[in-house]
Amino acid sequence: MADTIAFARFEQAVMPHLHAAYNLARWLLRDHHDAEDAVQDAYLRAFRFFDSFDGVDARAWLLAIVRNRCRSVLGQSSRRAEVTEFDEKMHTADDSAPDPESGALRNAEIVSLRTCIDYLPAEYREVVVLRELEQMSYKEISVAVAVPVGTVMSRLARARIRLKDCITARVRGVAR
Amino acid sequence: MTCDAARELISPLLDAELDAAQASEVERHIQTCIACAELQFEYLQLRERVRADAPYYSATEELRAQIDRALRQAASAKERRRAPWGWIALASAAGFAAALVLAFLLGPKMFHSEQAGGDLIAQEVVSSHVRSLMASHLIDVRSSDQHTVKPWFAGKLDFSPKVKDLGPQGYALTGGRLDYLDGRPVAGLVFQRRQHVINLFVWPSTAQSGSRLSTFAITGFNIVHWSEAGLMYWAVSDLNAAELREFAQLYSE
(Lines give C-alpha, C1' and ligand atoms only; values in the text may rest on other atoms or scores of the structure.)
Protein backbone atom coordinates (compact mmCIF):
# COMPACT_ATOMS: atom_id res chain seq x y z
CA MET A 1 0.00 0.00 0.00
CA ALA A 2 2.76 2.41 0.95
CA ASP A 3 4.48 1.66 -2.36
CA THR A 4 1.30 2.20 -4.33
CA ILE A 5 0.97 5.62 -2.80
CA ALA A 6 4.65 6.42 -3.31
CA PHE A 7 4.27 5.37 -6.94
CA ALA A 8 1.15 7.47 -7.44
CA ARG A 9 2.85 10.44 -5.89
CA PHE A 10 5.91 9.97 -8.06
CA GLU A 11 3.80 9.78 -11.20
CA GLN A 12 1.90 12.87 -10.20
CA ALA A 13 5.03 14.90 -9.44
CA VAL A 14 7.43 13.72 -12.11
CA MET A 15 5.53 12.38 -15.14
CA PRO A 16 4.26 15.83 -16.24
CA HIS A 17 7.86 16.82 -16.97
CA LEU A 18 8.53 14.09 -19.51
CA HIS A 19 8.63 16.48 -22.46
CA ALA A 20 11.06 18.77 -20.65
CA ALA A 21 13.24 15.77 -19.83
CA TYR A 22 13.27 14.52 -23.40
CA ASN A 23 13.82 17.97 -24.89
CA LEU A 24 16.88 18.55 -22.70
CA ALA A 25 18.29 15.08 -23.40
CA ARG A 26 17.68 15.45 -27.12
CA TRP A 27 19.51 18.77 -27.24
CA LEU A 28 22.39 17.48 -25.14
CA LEU A 29 22.86 14.13 -26.89
CA ARG A 30 21.69 15.22 -30.37
CA ASP A 31 20.29 11.79 -31.03
CA HIS A 32 16.74 10.50 -30.66
CA HIS A 33 17.54 7.00 -29.41
CA ASP A 34 20.29 8.07 -27.03
CA ALA A 35 17.94 10.70 -25.65
CA GLU A 36 15.11 8.19 -25.10
CA ASP A 37 17.47 5.79 -23.32
CA ALA A 38 18.85 8.53 -21.12
CA VAL A 39 15.37 9.75 -20.18
CA GLN A 40 14.12 6.29 -19.29
CA ASP A 41 17.22 5.67 -17.22
CA ALA A 42 16.79 9.02 -15.50
CA TYR A 43 13.17 8.22 -14.62
CA LEU A 44 14.16 4.92 -13.02
CA ARG A 45 16.84 6.68 -11.02
CA ALA A 46 14.43 9.40 -10.03
CA PHE A 47 11.97 6.78 -8.82
CA ARG A 48 14.64 5.04 -6.79
CA PHE A 49 15.78 8.28 -5.18
CA PHE A 50 12.39 9.93 -4.86
CA ASP A 51 13.05 10.18 -1.12
CA SER A 52 15.74 12.75 -1.81
CA PHE A 53 13.24 15.02 -3.58
CA ASP A 54 12.52 17.99 -1.30
CA GLY A 55 9.03 18.50 -2.71
CA VAL A 56 9.77 21.96 -4.08
CA ASP A 57 10.51 21.85 -7.81
CA ALA A 58 10.04 18.49 -9.46
CA ARG A 59 11.04 19.73 -12.91
CA ALA A 60 14.41 21.12 -11.83
CA TRP A 61 15.04 18.05 -9.67
CA LEU A 62 14.25 15.67 -12.55
CA LEU A 63 16.22 17.69 -15.09
CA ALA A 64 19.28 17.55 -12.83
CA ILE A 65 19.09 13.75 -13.01
CA VAL A 66 18.49 13.79 -16.77
CA ARG A 67 21.43 16.10 -17.26
CA ASN A 68 23.72 13.86 -15.20
CA ARG A 69 22.68 10.84 -17.26
CA CYS A 70 23.40 12.74 -20.47
CA ARG A 71 26.73 13.91 -19.12
CA SER A 72 27.85 10.39 -18.35
CA VAL A 73 26.63 9.13 -21.74
CA LEU A 74 28.68 11.87 -23.38
CA GLY A 75 31.62 11.00 -21.14
CA GLN A 76 31.47 7.30 -22.03
CA SER A 77 31.49 7.93 -25.74
CA SER A 78 33.84 10.89 -25.71
CA ARG A 79 34.94 9.93 -29.20
CA ARG A 80 31.71 11.11 -30.69
CA ALA A 81 31.12 13.73 -28.05
CA GLU A 82 31.06 17.43 -28.59
CA VAL A 83 31.98 19.64 -31.44
CA THR A 84 34.80 17.68 -33.04
CA GLU A 85 32.59 14.79 -34.04
CA PHE A 86 29.57 16.92 -34.68
CA ASP A 87 27.54 15.41 -37.47
CA GLU A 88 26.63 18.01 -40.03
CA LYS A 89 24.38 15.53 -41.83
CA MET A 90 21.86 15.78 -39.03
CA HIS A 91 21.08 19.26 -40.24
CA THR A 92 19.57 18.12 -43.44
CA ALA A 93 18.24 21.19 -45.17
CA ASP A 94 20.30 22.43 -48.00
CA ASP A 95 21.35 26.01 -47.46
CA SER A 96 22.87 26.55 -50.86
CA ALA A 97 20.99 28.81 -53.26
CA PRO A 98 18.34 30.14 -50.89
CA ASP A 99 15.23 31.32 -52.64
CA PRO A 100 13.06 33.75 -50.69
CA GLU A 101 10.05 33.04 -52.90
CA SER A 102 9.93 29.36 -52.04
CA GLY A 103 10.56 29.74 -48.32
CA ALA A 104 13.95 28.10 -48.63
CA LEU A 105 15.62 31.14 -47.12
CA ARG A 106 13.38 30.86 -44.10
CA ASN A 107 14.16 27.18 -43.87
CA ALA A 108 17.86 27.91 -44.08
CA GLU A 109 17.49 30.38 -41.23
CA ILE A 110 15.89 27.77 -39.02
CA VAL A 111 18.56 25.22 -39.85
CA SER A 112 21.35 27.63 -39.20
CA LEU A 113 19.93 28.57 -35.81
CA ARG A 114 19.67 24.91 -34.84
CA THR A 115 23.16 24.23 -36.09
CA CYS A 116 24.54 27.13 -34.08
CA ILE A 117 22.87 25.90 -30.89
CA ASP A 118 24.20 22.41 -31.56
CA TYR A 119 27.69 23.83 -32.00
CA LEU A 120 27.61 25.39 -28.53
CA PRO A 121 29.57 23.53 -25.87
CA ALA A 122 27.19 21.43 -23.76
CA GLU A 123 27.37 23.70 -20.71
CA TYR A 124 26.25 26.65 -22.83
CA ARG A 125 23.70 24.65 -24.78
CA GLU A 126 21.93 23.39 -21.66
CA VAL A 127 21.44 26.86 -20.16
CA VAL A 128 20.08 28.20 -23.46
CA VAL A 129 17.63 25.30 -23.75
CA LEU A 130 16.48 25.61 -20.14
CA ARG A 131 16.13 29.38 -20.34
CA GLU A 132 14.61 29.86 -23.78
CA LEU A 133 12.71 26.64 -24.36
CA GLU A 134 11.73 25.76 -20.79
CA GLN A 135 11.60 29.39 -19.68
CA MET A 136 13.14 28.51 -16.36
CA SER A 137 14.43 31.16 -13.94
CA TYR A 138 18.14 31.40 -13.13
CA LYS A 139 17.37 29.88 -9.76
CA GLU A 140 15.64 26.87 -11.30
CA ILE A 141 18.41 26.45 -13.85
CA SER A 142 20.99 26.56 -11.09
CA VAL A 143 19.24 23.58 -9.44
CA ALA A 144 19.05 21.61 -12.68
CA VAL A 145 22.64 22.31 -13.69
CA ALA A 146 24.09 22.27 -10.15
CA VAL A 147 26.00 25.56 -10.39
CA PRO A 148 25.49 28.87 -8.56
CA VAL A 149 23.05 31.45 -9.97
CA GLY A 150 25.97 33.76 -10.85
CA THR A 151 27.45 31.05 -13.05
CA VAL A 152 24.11 30.55 -14.79
CA MET A 153 24.08 34.29 -15.51
CA SER A 154 27.57 34.43 -16.99
CA ARG A 155 27.16 31.21 -18.97
CA LEU A 156 23.94 32.46 -20.51
CA ALA A 157 25.53 35.79 -21.46
CA ARG A 158 28.48 34.04 -23.06
CA ALA A 159 26.28 31.50 -24.79
CA ARG A 160 24.24 34.32 -26.30
CA ILE A 161 27.30 36.10 -27.64
CA ARG A 162 28.54 32.90 -29.24
CA LEU A 163 25.17 32.15 -30.70
CA LYS A 164 24.85 35.64 -32.10
CA ASP A 165 28.32 35.48 -33.66
CA CYS A 166 27.69 32.04 -35.11
CA ILE A 167 24.43 33.16 -36.73
CA THR A 168 26.05 36.29 -38.15
CA ALA A 169 28.91 34.22 -39.58
CA ARG A 170 26.52 31.80 -41.25
CA VAL A 171 24.42 34.57 -42.74
CA ARG A 172 27.58 35.98 -44.30
CA GLY A 173 28.52 32.50 -45.51
CA VAL A 174 25.15 32.07 -47.18
CA ALA A 175 25.24 35.52 -48.75
CA ARG A 176 28.64 34.91 -50.26
CA MET B 1 27.85 52.55 -14.65
CA THR B 2 30.66 51.68 -17.01
CA CYS B 3 30.01 50.22 -20.43
CA ASP B 4 31.75 46.96 -19.55
CA ALA B 5 29.69 46.51 -16.41
CA ALA B 6 26.50 47.27 -18.31
CA ARG B 7 27.31 44.82 -21.12
CA GLU B 8 27.53 42.02 -18.57
CA LEU B 9 24.08 42.84 -17.22
CA ILE B 10 22.10 43.20 -20.43
CA SER B 11 21.50 39.47 -20.69
CA PRO B 12 20.08 39.12 -17.14
CA LEU B 13 18.14 42.35 -17.69
CA LEU B 14 16.27 40.72 -20.57
CA ASP B 15 15.65 37.67 -18.41
CA ALA B 16 14.16 39.89 -15.69
CA GLU B 17 16.75 38.55 -13.28
CA LEU B 18 18.09 41.88 -11.98
CA ASP B 19 16.72 43.60 -8.91
CA ALA B 20 14.89 46.87 -9.50
CA ALA B 21 17.85 49.10 -8.58
CA GLN B 22 20.29 47.28 -10.87
CA ALA B 23 17.78 47.12 -13.69
CA SER B 24 17.12 50.85 -13.65
CA GLU B 25 20.84 51.57 -13.56
CA VAL B 26 21.48 49.40 -16.62
CA GLU B 27 18.50 50.89 -18.42
CA ARG B 28 19.77 54.40 -17.68
CA HIS B 29 23.14 53.47 -19.16
CA ILE B 30 21.57 51.96 -22.28
CA GLN B 31 19.73 55.22 -22.94
CA THR B 32 23.04 57.04 -23.25
CA CYS B 33 25.15 54.37 -24.94
CA ILE B 34 24.51 53.38 -28.54
CA ALA B 35 26.76 50.30 -28.41
CA CYS B 36 24.90 48.87 -25.42
CA ALA B 37 21.52 49.73 -26.94
CA GLU B 38 22.57 47.85 -30.06
CA LEU B 39 23.65 44.86 -28.01
CA GLN B 40 20.33 44.86 -26.19
CA PHE B 41 18.51 44.91 -29.52
CA GLU B 42 20.61 42.02 -30.83
CA TYR B 43 19.94 39.99 -27.70
CA LEU B 44 16.23 40.64 -28.07
CA GLN B 45 16.27 39.56 -31.70
CA LEU B 46 18.21 36.46 -30.78
CA ARG B 47 15.76 35.56 -28.05
CA GLU B 48 12.80 35.95 -30.38
CA ARG B 49 14.52 33.79 -32.95
CA VAL B 50 15.46 31.04 -30.56
CA ARG B 51 11.98 30.92 -29.08
CA ALA B 52 10.35 30.91 -32.50
CA ASP B 53 12.71 28.68 -34.44
CA ALA B 54 14.56 26.32 -32.13
CA PRO B 55 12.59 23.06 -32.13
CA TYR B 56 11.12 21.84 -28.86
CA TYR B 57 11.58 18.10 -28.97
CA SER B 58 8.56 16.44 -27.39
CA ALA B 59 8.65 12.93 -26.02
CA THR B 60 6.64 10.37 -27.97
CA GLU B 61 3.68 8.52 -26.48
CA GLU B 62 5.66 5.31 -26.93
CA LEU B 63 8.39 6.64 -24.68
CA ARG B 64 5.81 7.59 -22.07
CA ALA B 65 4.30 4.10 -22.19
CA GLN B 66 7.71 2.47 -22.09
CA ILE B 67 8.77 4.47 -19.04
CA ASP B 68 5.48 3.77 -17.34
CA ARG B 69 5.98 0.03 -17.85
CA ALA B 70 9.56 0.18 -16.58
CA LEU B 71 8.48 2.10 -13.49
CA ARG B 72 5.67 -0.32 -12.70
CA GLN B 73 8.10 -3.17 -13.01
CA ALA B 74 10.56 -1.45 -10.68
CA ALA B 75 7.77 -0.70 -8.21
CA SER B 76 6.52 -4.29 -8.13
CA ALA B 77 10.07 -5.64 -7.81
CA LYS B 78 10.37 -3.42 -4.76
CA GLU B 79 7.09 -4.80 -3.47
CA ARG B 80 8.25 -8.41 -3.99
CA ARG B 81 11.42 -7.82 -2.03
CA ARG B 82 9.19 -6.83 0.84
CA ALA B 83 6.98 -9.88 0.47
CA PRO B 84 7.95 -11.59 3.75
CA TRP B 85 6.66 -8.56 5.61
CA GLY B 86 3.42 -8.86 3.73
CA TRP B 87 3.00 -12.39 5.08
CA ILE B 88 3.88 -11.30 8.57
CA ALA B 89 1.34 -8.50 8.34
CA LEU B 90 -1.26 -10.93 7.05
CA ALA B 91 -0.47 -13.38 9.82
CA SER B 92 -0.70 -10.70 12.46
CA ALA B 93 -3.93 -9.40 10.95
CA ALA B 94 -5.31 -12.94 11.17
CA GLY B 95 -4.12 -13.08 14.76
CA PHE B 96 -5.76 -9.78 15.45
CA ALA B 97 -9.02 -11.00 13.93
CA ALA B 98 -8.86 -14.16 16.05
CA ALA B 99 -8.26 -12.04 19.11
CA LEU B 100 -11.31 -9.95 18.26
CA VAL B 101 -13.47 -13.05 17.91
CA LEU B 102 -12.13 -14.28 21.22
CA ALA B 103 -12.80 -10.92 22.80
CA PHE B 104 -16.34 -11.03 21.51
CA LEU B 105 -16.87 -14.58 22.81
CA LEU B 106 -15.28 -14.05 26.17
CA GLY B 107 -16.90 -10.72 26.76
CA PRO B 108 -15.32 -7.33 27.30
CA LYS B 109 -14.25 -7.95 30.90
CA MET B 110 -11.40 -10.23 29.91
CA PHE B 111 -9.75 -7.59 27.77
CA HIS B 112 -8.65 -4.06 28.24
CA SER B 113 -11.32 -2.65 25.99
CA GLU B 114 -9.62 0.73 25.66
CA GLN B 115 -6.64 -0.98 24.06
CA ALA B 116 -8.68 -3.01 21.56
CA GLY B 117 -10.66 0.13 20.75
CA GLY B 118 -7.37 1.95 20.27
CA ASP B 119 -6.20 -0.61 17.70
CA LEU B 120 -9.44 -0.34 15.81
CA ILE B 121 -9.19 3.41 15.76
CA ALA B 122 -5.59 3.13 14.59
CA GLN B 123 -6.82 1.00 11.67
CA GLU B 124 -9.48 3.54 10.91
CA VAL B 125 -6.96 6.35 11.10
CA VAL B 126 -4.72 4.61 8.55
CA SER B 127 -7.64 3.94 6.19
CA SER B 128 -8.67 7.54 6.43
CA HIS B 129 -5.11 8.68 5.72
CA VAL B 130 -4.86 6.44 2.66
CA ARG B 131 -8.27 7.55 1.40
CA SER B 132 -7.31 11.19 1.75
CA LEU B 133 -4.28 10.65 -0.46
CA MET B 134 -6.01 8.54 -3.08
CA ALA B 135 -9.24 10.42 -3.56
CA SER B 136 -7.36 13.72 -3.86
CA HIS B 137 -9.59 15.01 -1.14
CA LEU B 138 -6.78 15.94 1.15
CA ILE B 139 -7.71 19.49 1.95
CA ASP B 140 -10.91 21.53 2.34
CA VAL B 141 -9.25 24.71 3.53
CA ARG B 142 -5.83 25.31 2.05
CA SER B 143 -3.67 27.52 4.20
CA SER B 144 -0.38 27.53 6.01
CA ASP B 145 -1.82 30.01 8.48
CA GLN B 146 -3.05 28.51 11.73
CA HIS B 147 -5.27 31.57 12.24
CA THR B 148 -7.12 30.74 9.02
CA VAL B 149 -7.43 27.02 9.59
CA LYS B 150 -8.63 27.11 13.19
CA PRO B 151 -11.66 29.40 12.63
CA TRP B 152 -12.59 27.36 9.56
CA PHE B 153 -13.47 24.46 11.87
CA ALA B 154 -15.71 26.63 14.06
CA GLY B 155 -19.35 25.90 13.26
CA LYS B 156 -18.39 22.61 11.61
CA LEU B 157 -17.32 20.83 14.77
CA ASP B 158 -18.54 20.87 18.35
CA PHE B 159 -15.00 21.28 19.63
CA SER B 160 -12.03 23.47 18.77
CA PRO B 161 -8.87 21.59 17.85
CA LYS B 162 -5.46 23.00 18.60
CA VAL B 163 -3.99 24.22 15.29
CA LYS B 164 -0.28 24.84 15.21
CA ASP B 165 2.01 25.47 12.25
CA LEU B 166 5.35 23.75 12.64
CA GLY B 167 6.74 25.14 9.38
CA PRO B 168 9.90 26.51 11.01
CA GLN B 169 10.61 23.05 12.44
CA GLY B 170 10.13 21.46 9.00
CA TYR B 171 6.53 20.26 9.37
CA ALA B 172 4.58 22.81 7.37
CA LEU B 173 0.84 23.15 7.89
CA THR B 174 -0.80 22.98 4.46
CA GLY B 175 -4.48 22.94 5.37
CA GLY B 176 -7.37 21.17 7.01
CA ARG B 177 -10.52 19.22 6.23
CA LEU B 178 -13.45 17.56 7.89
CA ASP B 179 -13.26 13.82 8.22
CA TYR B 180 -15.35 11.11 9.83
CA LEU B 181 -13.78 8.70 12.30
CA ASP B 182 -14.82 6.68 15.32
CA GLY B 183 -18.45 7.37 14.44
CA ARG B 184 -18.19 11.16 14.52
CA PRO B 185 -16.96 14.18 12.55
CA VAL B 186 -13.33 14.98 13.34
CA ALA B 187 -10.80 17.62 12.42
CA GLY B 188 -8.18 16.56 9.88
CA LEU B 189 -5.07 18.72 9.78
CA VAL B 190 -2.58 18.24 6.98
CA PHE B 191 1.15 18.79 7.25
CA GLN B 192 3.98 18.29 4.82
CA ARG B 193 7.45 16.97 5.59
CA ARG B 194 9.53 16.78 2.40
CA GLN B 195 7.22 14.78 0.10
CA HIS B 196 5.52 13.02 3.00
CA VAL B 197 2.03 13.98 4.04
CA ILE B 198 1.07 13.84 7.70
CA ASN B 199 -2.60 13.67 8.63
CA LEU B 200 -3.37 14.72 12.18
CA PHE B 201 -6.87 13.75 13.32
CA VAL B 202 -8.37 15.41 16.37
CA TRP B 203 -11.59 14.74 18.25
CA PRO B 204 -12.83 14.77 21.85
CA SER B 205 -11.58 12.04 24.12
CA THR B 206 -13.74 10.10 26.54
CA ALA B 207 -10.88 9.86 29.00
CA GLN B 208 -10.47 12.93 31.17
CA SER B 209 -6.76 12.68 31.81
CA GLY B 210 -4.14 13.35 29.16
CA SER B 211 -1.90 10.58 27.89
CA ARG B 212 1.66 10.47 26.68
CA LEU B 213 2.73 9.63 23.15
CA SER B 214 2.20 6.06 22.04
CA THR B 215 3.47 4.77 18.75
CA PHE B 216 1.99 2.17 16.39
CA ALA B 217 2.84 0.89 12.94
CA ILE B 218 0.23 -0.57 10.61
CA THR B 219 0.92 -1.78 7.06
CA GLY B 220 3.88 0.50 6.62
CA PHE B 221 2.32 3.59 8.18
CA ASN B 222 3.47 5.08 11.43
CA ILE B 223 0.98 6.38 13.90
CA VAL B 224 1.49 8.44 17.01
CA HIS B 225 -1.35 8.96 19.44
CA TRP B 226 -1.72 11.18 22.48
CA SER B 227 -4.42 13.07 24.27
CA GLU B 228 -4.47 16.38 26.03
CA ALA B 229 -7.05 18.85 27.30
CA GLY B 230 -9.91 16.46 26.59
CA LEU B 231 -8.93 15.92 22.95
CA MET B 232 -7.38 12.91 21.24
CA TYR B 233 -4.70 13.39 18.62
CA TRP B 234 -3.81 10.78 16.02
CA ALA B 235 -0.92 11.56 13.67
CA VAL B 236 -0.43 9.20 10.73
CA SER B 237 2.06 9.21 7.89
CA ASP B 238 4.45 7.13 5.84
CA LEU B 239 7.15 9.30 7.36
CA ASN B 240 9.67 7.39 9.49
CA ALA B 241 8.71 6.73 13.09
CA ALA B 242 11.40 8.94 14.64
CA GLU B 243 10.37 12.03 12.71
CA LEU B 244 6.67 11.43 13.22
CA ARG B 245 7.33 11.16 16.94
CA GLU B 246 9.28 14.39 16.83
CA PHE B 247 6.33 16.00 15.08
CA ALA B 248 3.96 14.75 17.78
CA GLN B 249 6.30 15.95 20.50
CA LEU B 250 6.51 19.43 18.99
CA TYR B 251 2.78 19.55 18.46
CA SER B 252 1.87 18.46 21.96
CA GLU B 253 4.24 20.93 23.61
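1. B:Glu243 and B:Arg194 form a salt bridge, with the closest N and O atoms 3.1 Å apart. A salt bridge here is a side-chain nitrogen of Lys or Arg within 4 Å of a carboxyl oxygen of Asp or Glu. The pair links distant parts of the chain, 49 residues apart: B:Glu243 sits in helix α8 (residues 241-252) of chain B, and B:Arg194 in the loop between β3 and β4 (196-204) of chain B. Helices (H or I, at least four residues) and strands (E, at least two) are DSSP runs, numbered from the N terminus. B:Glu243 is buried at 15% relative accessible area. B:Arg194 is partly exposed at 34%. Buried means under 20% relative accessible area, exposed over 50%, and partly exposed in between (1.4 Å probe, protein chains only).

2. Basis. This is a predicted model: local features need pLDDT of at least 70, side-chain atom pairs count only at pLDDT 80 or more, and totals for chains, interfaces and linings use all residues. Residues are numbered from 1 along each chain as its sequence is written, chains are lettered from A and ligands numbered from 1 in the order in which they are written, and side-chain values use heavy atoms, with hydrogens and water left out.

3. B:Arg184 pairs with B:Asp158 in a salt bridge, closest N and O atoms 2.8 Å apart. B:Arg184 lies in strand β3 (residues 184-193) of chain B and B:Asp158 in the loop between α7 (146-153) and β2 (172-181) of chain B, so the pair ties together parts 26 residues apart in sequence. B:Asp158 is exposed, at 63% relative accessible area.

4. B:Arg72 is partly exposed at 43% relative accessible area. A:Glu11 counts as buried at 18%.

5. The whole structure holds 21 salt bridges over all chains. A network of salt bridges links A:Arg131, A:Glu132, A:Arg160, B:Asp15 and B:Arg51.

6. A:Ser142 lies in helix α7 (residues 138-145) of chain A. A:Ser142 is buried, with 13% relative accessible area. Its side chain reaches the backbone oxygen of A:Lys139 at 2.9 Å. Leaving aside neighbours within four places in sequence, A:Ser142 is in contact (heavy atoms within 4.5 Å) with A:Val147, A:Pro148, A:Val149 and A:Val152.

Technical notes. A polar contact is a pair of N or O atoms within 3.5 Å; within protein, one must be able to donate a hydrogen and the other to accept it, and residues adjacent in sequence count only if both atoms are side-chain atoms.
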